[in-house]
Amino acid sequence: MMATPDLGTDADAIPTREEKDLLGVLPVPQSAYYGIQTQRAVENFHLSGVPLAHYPKLVIALAMVKQAAAEANHELGYLDATRLEAIRHACQTLIAGEHHDQFVVDMIQGGAGTSTNMNANEVIANLALEHLGHAKGDYAHLHPNNHVNMAQSTNDAYPTAIRLGLLLGHDALLGSLAQLRDALADKGAAFADVLKMGRTQLQDAVPMTLGQEFNAFATTLGEDLGHLEAQIPRLLCEVNLGGTAIGTGINSDPRYQRLAVARLGAISGQPLVPAQDLIEATSDMGAFVLFSGMLKRLAVKLSKICNDLRLLSSGPRAGFNEINLPPRQPGSSIMPGKVNPVIPEAVNQVAFEVIGNDLALTMAAEGGQLQLNVMEPLIAYKLFDSIRLLTRAMHMLREHCIEGITANEAHCREMVERSIGLVTALNPHIGYDNATRIAREALVSGRGVLELVLEENLLDQASLADILRPENMIAPRLAPLVV
C-alpha cells in the first residue's frame, strides 16, 4: 500500500491569523479576505467541489445586496459615512470582478445559505478594513455582522442575491438561444427547395422539405425564447430583502425594506420590487420551481432536435444520410474512417443533466418546512448550473454543428421517389382502396409506386407530374376524386 504523503509541513508554513466565533478560535490564512465562519464551512462541506466563485453573477449579486443594505442603513442614520464608503468600495471591487477567488464555500452546504452569506460578509468586511488602513480580522473597526450584515438575515439577503444573480446572468442564456434559433432558421432558408420524406413513428409518411424541418426547429426554440423573455422578470423581480429572519423584519427599521430594494434596483439596473407578503416570500420557492421547469422544457426541446440531427445524419451508407454534420473528430479507436455526431451527443447529455437538476430542485423546494426552506443552496446551485450548461451547449451546437450542416439533396429526392409513402399524395386522386393496394404491391414486389400507378392506368403521366410537383406535395391541396 502506498503511504499517504505528509502535507503538514507545507500547511504549517502558510501564515495565518486567529479569528474567534461562538465555537472558539480557528486559524485563517493571513492572505484570505474571508474569515472564521467561511473557514469552518470550507472544512465542513466537501461536496460538489464547486465553490461560489464558479458563478460570478451570484458573487456580484451578493455584493450588490450588501451595498444596497449599507446605503439604506446610512440613509436611515444607522451606519456612519466612513464605514459606508469602505463597504461601498469593497462591494464595487467585487462587482468589478476582483477577489472572486475568495468565495470558497461549496455551493451545496447546510445552514440554509448562512455560509454563503457569511463568506460575503467577511470578504466585504476585510476588503473594507484594508481600504480603511486596518488589518484583516480587525473587526473592532468594521464588523462582518454588525456593519456589513446590518438589518439583514441570510434568509432575506441570500434569496434576494439568488434572484438578482439569475436576472444578471440570464441574458447570456437568451442570447445563446436567439443565436441558435437564427442559425436554424438560416438553414431552413438554405434548404427550402430540398425535397425529402417526412416520417412518423420512424416510418415513411409524406413529402416535405428539409427547410420546413429546420424551420420547425427554429420555431420551437423561438417559442421558448419568447416565454423566457416574458416570464423571467415576472418570476424573479419580487425580492424579500427587508424580511430578515422569517419575514417579520425584526432588527430592521420599518422604512428599510422600501429603501434597500430601491437602492438595489438602482445599483443593479434590474426592475426589483419588494415582496408584498414577506413571510410568504421568505419560505416560498415557487418562482424557482417554475423557472427550472422552463429550463427543463428548453432542454427537452434541444435534446429532441439533437436526436433528429443524429438520425438524419446517420450512415453514411446504411442510414438516413439526408444531411451531413461537420466532422469534429475521429469517431473510433478501432473503426477507421468513422466520424460520430459528437456535438449533438454532448447536447443530449447536457439536457439529461438539466432534467436531473430540475428534479433535484423540485425535491429541495418541497423539502422546506415552516418559515424557511433550508434547501435553498441546492436550488441556487442547480439553477445556476442549468443556465451555464444550456448557454454553453447552445453555443457549441450552433458554432460546431448547425452552421456547418449540408444537405444531400439528390439522395433526399431519391428516397422520396422510392418511398411507399408517396402513395399518400395520390390518395385523393386514385382513392384509398387503390392507394392501399398499390402500396402493398410496391412493398411486396419492390417496384415503385409511380410505376405501378402508370401500369394500371390509374393516372396519366401529365397528372402524375402535376401531383408530384414539390410545391403541390408540401402544402394543403385537395383535388376532387375522379375514379
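Strand pair, helix pair and a buried threonine

Biologist: What makes strand β3 and strand β4 a pair?
Modeller: Strand β3 (residues 195–200) and strand β4 (residues 203–209) are joined in the antiparallel sense over 5 bridges, and because two strands pair if DSSP finds at least two bridges between them, they qualify. R199 stands opposite D204 in β4, while the hairpin of β3 and β4 has 2 residues between the strands, and Q201 there takes a positive phi near 55°. This is a predicted model, in which local features need pLDDT of at least 70 and side-chain atom pairs count only at pLDDT 80 or more, whereas totals for chains, interfaces and linings use all residues. Residues are numbered from 1 along each chain as its sequence is written, and side-chain values use heavy atoms, with hydrogens and water left out.

Biologist: Why are α12 and α13 called roughly antiparallel?
Modeller: Helix α12 (residues 342–366) and helix α13 (residues 376–400) pack at an angle of about 165°, with their axes 9 Å apart. Angles under 35 degrees count as roughly parallel, over 145 as roughly antiparallel, 65 to 115 as roughly perpendicular and the rest as oblique, and α12 and α13 are therefore roughly antiparallel to each other. The contact (heavy atoms within 4.5 Å) includes V350, V354 and L361 of α12, and L383, L390 and L397 of α13.

Biologist: How do you know that T282 is buried?
Modeller: T282, whose place is in helix α10 (residues 278–283), has a relative accessible area of 0%, and buried means under 20%, exposed over 50% and partly exposed in between, with a 1.4 Å probe and protein chains only, so T282 is buried. Leaving aside neighbours within four places in sequence, T282 is in contact with N155, N240, A245, I246, G247, Q371 and L372.

Technical notes
Axes are lines fitted to C-alpha atoms, for helices over the stretch in contact, and angles run from 0 to 180 degrees between N-to-C directions. Helices (H or I, at least four residues) and strands (E, at least two) are DSSP runs, numbered from the N terminus.
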